Amino acid sequence: MGSLGISSDVKVIDMEGTVVERRKSNGIIPNTAHTNGFLNDSVYTNGIVKSLSTDDFVKKAGGGEKREHLYKILVIGELGTGKTSIIKRYVHQFFSQHYRATIGVDFALKVLNWDADTIVRLQLWDIAGQERFGNMTRVYYKEAVGCFIVFDVTRASTFDAVVKWKSDLDSKVQLSDSSPVPCVLLANKCDQAKEGLVNNANQMDEFCKEKGFVGWFETSAKENINIDDAARFLVNQILTNDKNIRADEEDRDRITLENNRDSSREKEKKGGCCS
Ligand SMILES: Nc1nc2c(ncn2[C@@H]2O[C@H](COP(=O)(O)OP(=O)(O)OP(=O)(O)O)[C@@H](O)[C@H]2O)c(=O)[nH]1
Ligand SMILES: [Mg+2]
């Protein structure tokens, strides 16, 4: 981990699931913090994470403005399926055979220059497989707008658990319009021999449709297969949802404004406020 610039900092998560503080660890991890500390230092400015799903506008060189989105994405699934490895590959272009189980939750940030006018910041929440739909997942899932559920193609039992992770997710978090959080299924370790349903692409498509996954990808953190594509696919879903929700909210605001204007005109017609 040292080679990745790992710090001994710890992150403190409040019961709302927001990282409220980042401080140097003196070797004692506070009760409220669950971390392995693989965070890149650039992730948190001033130690405080901004509220999620917000937009900022940043000045572009040459005048115009860029829209900047911050999205929280969950990475969940059974123990040892490769969640941490996928994130490390995606964010740090790094892979290790060495297995160190995540404790609680870990974080990483990936910044995407999406297009000429858009920057997307993905805050990736790497949730330990050993959390297994425990009480803390409700806290960790809060405000997520996208999710990867990961299974290990060499262990069919990890695929069997996918449905439980999906229903845990759907029962604990929804988008602001109450629709389910878009979730992509990752069949990881595809560099190795596969076991079970994952050998049949048509049945996998059917499974995903039935269980409400927006899509699935075979991935390998080891060989760097499909991880960028899967992330791009999920971000596209998130951006579409975000745009639709925003449009609905703007419509609602406009209608409320028009109704208010109409009712004050009515009052004026009737002779002002005292009639
Ligand atoms: N061959 C192969 N091994 C992988 C791949 N991804 C992860 N591994 C290995 O699988 C083991 C577990 O990987 P992790 O990324 O730590 O798994 P995890 O899902 O984060 O596990 P928990 O933190 O316990 O939930 C490690 O030994 C990795 O090197 C892959 O794509 N191919
Ligand atoms: Mg892990």
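## A tour from the magnesium site outward

Both Thr84 and Thr102 are buried, where buried means under 20% relative accessible area, exposed over 50%, and partly exposed in between (1.4 Å probe, protein chains only). The model is predicted: local features need pLDDT of at least 70 and side-chain atom pairs count only at pLDDT 80 or more, while totals for chains, interfaces and linings use all residues. Residues are numbered from 1 along each chain as its sequence is written, chains are lettered from A and ligands numbered from 1 in the order in which they are written, and side-chain values use heavy atoms, with hydrogens and water left out.

**Magnesium**

Select ligand 2 with these two threonines. Ligand 2 is a magnesium ion, and its coordinating atoms are OG1 of Thr84 and OG1 of Thr102, at 2.0 Å. Thr84 sits in helix 1 (residues 83–92) and Thr102 in the loop between helix 1 and strand 5 (105–115); the pair, 18 residues apart, links distant parts of the chain. Donors here are N, O and S atoms within 2.8 Å of the metal (3.2 Å for Na, K and Ca); water is not among the atoms, so the site may look incomplete. Helices (H or I, at least four residues) and strands (E, at least two) are DSSP runs, numbered from the N terminus.

**Helix 1**

Now colour helix 1 by accessibility. Nine of its 10 residues are buried, so the helix is mostly covered. The buried set is Lys83, Thr84, Ile86, Ile87, Lys88, Arg89, Tyr90, Val91 and His92. Just after the helix, Gln93 has a positive phi of about 50 degrees.

**Ligand 1**

Select ligand 1 and its surroundings. It is surrounded by 24 residues, the closest being Lys83, Ser85, Ser96, Gln97 and Tyr99; a residue is near a molecule or strand if one of its heavy atoms lies within 4 Å of it. Oxygen atoms of the ligand are the ones to inspect. One lies 2.6 Å from a polar side-chain atom of Ser85, and a polar side-chain atom of Tyr99 lies 2.5 Å from an oxygen atom of the ligand. On the backbone side, a polar atom of Ala221 is 2.8 Å from a ligand oxygen. Taken alone, ligand 1 exposes 660 Å², and the protein buries 94% of that. Accessible areas come from the Shrake-Rupley method with a 1.4 Å probe; for residues, only the protein chains shown count as cover.

**Thr158**

Move to helix 3 (residues 156–160), where Thr158 lies. Thr158 counts as buried because its relative accessibility is 2%. A polar atom of its side chain lies 2.9 Å from the backbone nitrogen of Asp152. Leaving out residues up to four places away in sequence, Thr158 touches Glu78, Thr81, Phe151 and Asp152; contact means heavy atoms within 4.5 Å.

**Thr118**

Next, select Thr118 in strand 6 (residues 118–127). Is Thr118 buried or exposed? With a relative accessible area of 11%, Thr118 is buried. Its side chain makes a polar contact with the side chain of Asp115 (2.7 Å). A polar contact is a pair of N or O atoms within 3.5 Å; within protein, one must be able to donate a hydrogen and the other to accept it, and residues adjacent in sequence count only if both atoms are side-chain atoms. Beyond four places in sequence, Thr118 touches Arg67, His69, Leu112 and Asn113. The C-alpha atoms of Thr118 and Lys66 are 5.5 Å apart, although the two residues are separated by 52 residues along the chain.

**The whole protein**

Zoom out to finish. The protein has six helices and nine strands, and 44% of its 275 residues are buried.
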